[in-house]
Amino acid sequence: TSLPEPLLSLITEDIRPERIKVLECASEGHSDVKTIASEIGREESTVRKHLHKLVEQGLLRIKKRKPLVVEITDLGKLVLKIRASSGGILGRPSQE
């Protein structure tokens, strides 16, 4: 069977490597902005932007707004699993 087009598009589109790190942090149970920022070595404001984009894509959901706390969705887990099993090939710009 083939994957539905919206899912395939999400998996294969170029998701910034930094957003993948944020998603991975969330999958490991790091759910608040401060902790994720510390884990990836970025400013909290940058992490907030990444979190909101990942929420918009359906990969994370907001559990609490103040302070911002997120959790990974089943779709987010699936995207990480498929990307990991592809050997990092998916989501990379072509090298033409």
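**Questions on a predicted protein model**

Q: How many helices and how many strands are there in the protein?
A: The model under discussion is predicted. Its secondary structure comprises five helices and two strands.

Q: What percentage of the residues of the protein count as buried?
A: A residue is called buried when its relative accessible area is under 20%. The protein has 96 residues, and the share that counts as buried is 35%.

Q: Is His-50 buried or exposed?
A: His-50 is located in helix H4, which spans residues 44–56. The cut-off for a buried residue is a relative accessible area under 20%. Because the relative accessibility of His-50 is 4%, this residue counts as buried.

Q: With which side chain does the side chain of His-50 make a polar contact?
A: Neighbours within four places in sequence being left aside, His-50 is in contact with Arg-16, Glu-18, Arg-19 and Val-22. A polar contact requires a pair of N or O atoms within 3.5 Å. At 3.0 Å, the side chain of His-50 makes such a contact with the side chain of Arg-19.

Q: Which residues in H5 do the residues of H2 meet?
A: Helix H2 covers residues 17–27 and helix H5 covers residues 74–85; their axes come within 10 Å and cross at roughly 115°. The crossing of H2 and H5 is left-handed. From H2, the residues taking part are Ile-20, Leu-23, Glu-24 and Ser-27, and those they meet in H5 are Gly-76, Leu-80 and Arg-83.

Q: How many nonpolar, polar and charged residues has the contact of H2 with H5?
A: The residues that meet include Leu-23 and Glu-24 in H2, and Gly-76 in H5. For this classification, Leu counts as nonpolar, Glu as charged and Gly as polar. By class, the contact of H2 with H5 has three nonpolar, two polar and two charged residues.

Q: Why does Lys-66 count as exposed?
A: Lys-66 is placed in the loop between strand S1 (60–64) and strand S2 (69–72). A residue is exposed when its relative accessible area is over 50%. Lys-66 is therefore exposed, since its relative accessible area is 74%.

Q: What distance separates the C-alpha atoms of Lys-66 and Asp-32?
A: Along the chain, Lys-66 and Asp-32 are 34 residues apart. In the predicted model, their C-alpha atoms are separated by 9.9 Å.

Note on methods. Residues are numbered from 1 along each chain as its sequence is written. This is a predicted model: local features need pLDDT of at least 70, side-chain atom pairs count only at pLDDT 80 or more; totals for chains, interfaces and linings use all residues. Side-chain values use heavy atoms; hydrogens and water are left out. Helices (H or I, at least four residues) and strands (E, at least two) are DSSP runs, numbered from the N terminus. Buried means under 20% relative accessible area, exposed over 50%, partly exposed in between (1.4 Å probe, protein chains only). Axes are lines fitted to C-alpha atoms, for helices over the stretch in contact, and angles run from 0 to 180 degrees between N-to-C directions. A crossing is left-handed if the near helix is turned anticlockwise from the far one by less than a right angle, and right-handed if clockwise. Contact means heavy atoms within 4.5 Å. A polar contact is a pair of N or O atoms within 3.5 Å; within protein, one must be able to donate a hydrogen and the other to accept it, and residues adjacent in sequence count only if both atoms are side-chain atoms.
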